[in-house]
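Work through these exercises with the model in view. Try each task before you read its solution.

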Amino acid sequence: TYLKLCKLPDARPEWTLENYKSRPDYKELIEAAWSVADDTGLKWLTIQSASGYGKSHLAVGICRKWLERGKPARYIYVPDLILELKQGFDADGDASYQSKMNFFKNVSLLALDDLGTENSTPWVREQLDTIIDHRYMNKLPLVVTTNQSLNELMPRVASRLKRIELDGIGKTIIPPGLPYMEYLKTLKK
């Protein structure tokens, strides 16, 4: 099933777009997340912030919306993506490197969580560039979360993430204000 392929975090069933406690200064972020989730406009969304702003929550929530509509989606923490590709070297069929690479390049929606946390070797850079470039060239939906500035990411990947707004297919959003968990504490007072 699509849910099994998506590999959402089992311990986070509450991570939905409806459960994301929005705040007034997050209007652009929430609208962009829903646009990608509903597949009604934006194809790409990059959320760039320090830890604690709810980036992973939103990425998982977007995937859940795709799954609800019966559309395939895949959520993955970027270091796990690299590990999964490497494990494919000694496997056959659907578990092979080529099968995994084709899946990441072509799944209807791919959510890459924490881009920039991977151990950046030339091979790793090539894999990520291949996936992101393919998705860019074919306008396939992509959600990226990162705690790095775009200039700190791999140059070719950063160039694709920067071009999405110029091409009109996506947005890069830096949430303002307090980290998400700190904001939630203010609501309880």
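**Exercise 1. Does Thr146 count as buried or exposed, and why?**

Solution. Start with the ground rules. This is a predicted model, in which local features need pLDDT of at least 70, side-chain atom pairs count only at pLDDT 80 or more, and totals for chains, interfaces and linings use all residues. Residues are numbered from 1 along each chain as its sequence is written, and side-chain values use heavy atoms, with hydrogens and water left out.

Step 1: locate the residue. Thr146 is found in strand 4. Strands here are DSSP runs of E with at least two residues, helices are runs of H or I with at least four, and both are numbered from the N terminus.

Step 2: apply the cut-off. Buried means under 20% relative accessible area, exposed means over 50%, and partly exposed lies in between (1.4 Å probe, protein chains only). Thr146 has 0% relative accessibility, so Thr146 counts as buried.

Step 3: list the surroundings. Contact means heavy atoms within 4.5 Å. Leaving out residues up to four places away in sequence, Thr146 touches Ile47, Gln48, Ser49, Lys55, Leu115 and Leu153. Take Leu115: 31 residues separate it from Thr146 in sequence, yet the C-alpha atoms are 5.0 Å apart.

**Exercise 2. Describe the protein as a whole.**

Solution. Step 1: count the elements. There are eight helices and five strands. Along the sequence they follow the pattern α-α-β-α-β-α-α-β-α-β-α-β-α.

Step 1: check burial. Of the 189 residues, 50% are buried.

Step 2: check the contacts. Among contacts with a separation of 6 or more, 78% join residues 24 or more positions apart.

Step 3: check the surface. The protein exposes about 9,400 Å² (Shrake-Rupley method, 1.4 Å probe). Carbon and sulfur atoms supply 52% of that area.

**Exercise 3. In what order do the five strands form the open sheet?**

Solution. Strands of a sheet pair through backbone hydrogen bonds, either parallel or antiparallel. Two strands pair if DSSP finds at least two bridges between them.

Step 1: read the order. The order is 2-3-4-1-5, and the pairing is parallel.

Step 2: find the edges. Strand 2 (73-77) and strand 5 (170-173) are the edge strands, each pairing on one side only.

Step 3: examine strand 1 (residues 44-48). Strand 1 pairs with strand 5 over four bridges, in the parallel sense. Strand 1 pairs with strand 4 over five bridges, also in the parallel sense. Ile47 has Thr145 as its bridge partner in strand 4, and Ile47 stands opposite Ile173 in strand 5. Trp44 stands opposite Gly170 in strand 5.

**Exercise 4. How many residues of strand 1 are buried?**

Solution. Step 1: count. Five of the five residues are buried, so strand 1 is largely enclosed by the rest of the structure.

Step 1: sort by direction. Trp44, Thr46 and Gln48 point one way, while Leu45 and Ile47 point the other way.

Step 2: Arg160 is in helix 7 (residues 155-166). Beyond its neighbours within four places in sequence, Arg160 is in contact with Trp44, Ile132, Asp133, Tyr136 and Met137. Arg160 has 13% relative accessibility, so Arg160 counts as buried.
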